[in-house]
Amino acid sequence: MDRNMSLEKVKMPELDAAERAKNFEEVALGYTAAMAQEESQRCLECKNRPCVAGCPVQVNIPEFIHEIKEGNFLEAYNVITATNGLPAVCGRVCPQESQCEKYCVRGKKGEPVGIGRLERFAADFAMSQGALGVKGLPPKNGKKVAVIGSGPAGLTCASDLLKRGYDVTVFEAFHTAGGVLKYGIPQFRLPKEIVDLEINVLKEMGADIELDMVIGKILTIDELKEQGYEAVFIGSGAGLPSFMNIPGENLNDVYSANEFLTRINLMHAYQYPSYDTPIKPYSNVAVIGGGNVAMDAARCAKRLGAGNVYIIYRRSEAEMPARLEEVHHAKEEGIDFRLLEAPVEILGDEKGNVTALKNVHMELGEPDASGRRRPVVIEGSEYTLPMDAVIVAIGQSPNPMIKNSTPALKTQSWGGIITDEETGATSIPGVYAGGDAVTGAATVILAMGAGKTAAKSIDEYLSR
Amino acid sequence: MFKILEKAELARGITKMVIEAPLIARKAQSGQFVVLRTHDKGERFPLTIADFDREAGTITIIFAQIGRSTQQLGTLGQGEAIRDVVGPLGVASHFDPSIKKAAVIGGGLGCAIALPQARHLKAMGVSVDMIAGFKTKDIIILEDEMKAASDKLIITTDDGSFGVHGFVTDALKQQIESGAEYDVVVAIGPIPMMKFVSALTKEYGIKTIVSMNPVMIDGTGMCGGCRLVVGGKTKFACIDGPDFDGHEVDFDAAMRRLAMYDGLKERSEDCRLVQMADKEN
């Protein structure tokens with residue numbers, strides 16, 4: 001076939017912005033086979049494969065794209081799943097612009113190859129064919145490993161351990177597996193049916209997933225070891241929400257993004273009263289923060305019918321940690337970005353309900369320790385916006401439950417589990433950790449990379 | 001799935017269930033709670049563990065059928081199963097070993113949660129007076145159990161239809177005035193009751209522990225839906241509590257947050273407790 005020398009990616013069809021902002025259906029519709037093959041022909045299949053080095057789980061990118069070129073879509077899926085247990089998820093939610101696609105040679109002049117879109121295509125195609133059976137698992141080695149948390153880190157670690165012959169039990173605190181893929185990322189970005197299909201692959205590989213199990217409360221890590229688990233992986237994420245500590249934060253209608261998103265995504269509050277968990281209807285909603293969580297919360301608020309939804313972010317757009325595509329989608333859907341602004345007070349009425357948000361304008365000063373220019377308040381710039389709900393999306397830290405019940409586990413002052421960067425080993429022999437539980441809130445794919453590293457280390461530890 | 005081994009109606013609209021949950025029973029301690037979900041479209045809601053039996057592998061819950069979810073739970077019978085039961089959650093109650101005499105106060109359904117606290121204190125060798133308050137005679141629960149768990153049981157009714165006429169605060173004040181020297185007061189019930197008990201004991205300088213029951217979703221500290229203001233600081237009831245120092249809790253703020261979803265709650269007209277409450281108001 002001819003090489004496709006277009007400077008732009010093949011466009012991916014999307015739902016119309018005005019229409020989609022009224023429902024929770026998936027925004028990006030994915031490539032057809034013809035579009036995927038056309039896009040695959042933009043890949044130069046370079047020998048030094050810089051894209052692979054940019055992928056935290058080292059998917060063999062040119063190889064799977066080659067299979068798509070040839071029309072061998074299932075084979076493309078097999079190439080991906082050799083190293084990536086959640087391709088339908090990654091193709092949708094990875095920040096490809098700062099990972100694989102950042103290093104794509106085609107990106108030097110024009111747009112990089114749409115690697116994420118192609119990965120998604122291969123995974124969705126395989127799922128539509130029901131071709132999720134996992135081939136070539138080794139015989140069981142008789143060794144048991146416990147995985148705490150069924151988010152991206154835990155699922156990836158479990159997947160890699162199963163491929164190495166271990167018996168794996170995944171302990172999940174919620175009533176359904178998936179972690180942030182279920183409670184955090186909304187349906188319109190990552191359909192829950194897709195997450196369940198990926199988890200089913202794991203079950204078919206033999207993973208035992210135990211729900212409603214809050215490790216640290218119902219069982220401790222020491223007790224897991226007593227029960228015969230020879231190694232433990234902690235992938236419990238960073239679920240503890242941070243608040244701003246400004247006046248009015250305990251008023252009604254002030255939510256952590258975790259609460260707002262959990263009600264909507266995990267508990268289906270957007271389908272109330274068909275589902276039992278409620279969420280109140282609001283007209284004016286402010287979301288504080290500039291990450292993916294803030295974008296998700298704002299776009300959910302819009303879909304619940306709010307006329308005005310604001311993103312309040314204290315730096316400028318260039319510093320926003322959210323994925324470019326999500327910022328773009330949010331803007332298309334009519335989210336009002338108030339950049340270089342910060343809330344100083346939430347005002348309420350006598351019933352304790354939110355009535356307004358008081359903001360100040362900021363300017364960027366000298367770079368801080370993180371290398372980003374520090375926002376500085378412009379004196380006298382206060383103004384008030386009418387508001388009836390405020391969602392705080394300024395970050396999360398690891399939940400202290402496992403740390404508190406495991407005194408020997410060394411953690412950072414802010415709660416992150418201390419691990420060896422190379423191996424994921426914690427201060428307790430045989431106990432490994434990875435993902436947001438170690439780094440604080442980061443990305444799905446970095447958590448998956450950490451799960452992969454830990455699986456390799458656990459295998460080495462138990463093979464000694 | 002968690003099987004219901006026993007079900008009994010303790011009073012009108014107040015149900016007791018013994019649930020098969022061996023892992024939870026093995027770890028449960030007085031003061032802790034579970035989060036339940038009755039079916040696939042159900043919400044998650046918290047209930048205190050009213051009792052547990054480690055040998056039998058069971059926990060007991062006692063609840064009033066006042067909202068959508070507790071009514072759904074009430075429709076389940078013996079032999080049926082609850083979709084999800086998560087626990088034991090929260091920090092177990094902790095009492096100073098030097099305590100000699102305690103007053104344990106329960107308001108209505110709160111008596112079901114006050115009872116294990118009384119038993120716990122009795123087991124520590126503490127002399128326990130229990131004061132149990134009810135609106136009216138018909139909804140008195142656990143009288144025999146409370147009698148057995150305390151050295152003295154005073155039952156009050158708001159309408160005087162049984163026991164002492166008046167509120168629990170009246171009985172507590174009378175006990176203190178007549179010379180009962182309490183080292184600690186434990187108050188569990190509706191927020192106004194805990195608020196007034198705390199205000200009273202503050203006058204006398206008696207340490208007071210209350211058990212808060214805000215709206216919860218996950219119950220594991222990941223959302224802050226249950227947050228309270230305690231001693232001027234934000235606390236999450238599910239991981240920092242549910243027990244707090246009654247002299248430090250901002251009860252008015254807690255009451256406002258508890259009322260947040262009131263407009264949305266679908267309350268069944270069949271519910272007798274609601275009918276009763278409506279009649280009284």
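Residues are numbered from 1 along each chain as its sequence is written, and chains are lettered from A in the order in which they are written. In this predicted model local features need pLDDT of at least 70, side-chain atom pairs count only at pLDDT 80 or more, totals for chains, interfaces and linings use all residues, and side-chain values use heavy atoms, with hydrogens and water left out.

Trainee: What area is buried between chain B and chain A?

Mentor: The contact (heavy atoms within 4.5 Å) takes 46 residues from chain B and 44 residues from chain A. Buried area is the accessible area (1.4 Å probe) that two parts lose on being put together, summed over both. Carbon and sulfur atoms give 54% of a total of about 3700 Å².

Trainee: Which residue of chain B forms a salt bridge with Asp276(A)?

Mentor: A salt bridge needs a side-chain nitrogen of Lys or Arg within 4 Å of a carboxyl oxygen of Asp or Glu. Two salt bridges are counted between chain B and chain A. In one of them the closest N and O atoms are 2.9 Å apart, and the partner of Asp276(A) is Arg68(B).

Trainee: Is Asp296(A) buried or exposed?

Mentor: Asp296(A) lies in helix α13 (residues 292-303) of chain A; helices are DSSP runs of H or I with at least four residues, and strands are runs of E with at least two, numbered from the N terminus. Buried means under 20% relative accessible area and exposed over 50%, with partly exposed in between (1.4 Å probe, protein chains only). Because its relative accessible area is 2%, Asp296(A) is buried.

Trainee: Which side chain is joined to that of Asp296(A) by a polar contact of 2.8 Å?

Mentor: A polar contact is a pair of N or O atoms within 3.5 Å; within protein, one must be able to donate a hydrogen and the other to accept it, and residues adjacent in sequence count only if both atoms are side-chain atoms. Leaving aside neighbours within four places in sequence, Asp296(A) is in contact with residues including Phe188(A) and Leu261(A). The 2.8 Å polar contact is with the side chain of Arg189(A).

Trainee: Over how many bridges do β2 and β6 of chain B pair?

Mentor: Strand β6 (residues 58-64) of chain B has seven of its seven residues buried. Two strands pair if DSSP finds at least two bridges between them. Thr15(B) stands opposite Phe63(B) in β6(B). Strand β2 (residues 14-20) of chain B and β6(B) pair in the antiparallel sense, and the number of bridges is seven.
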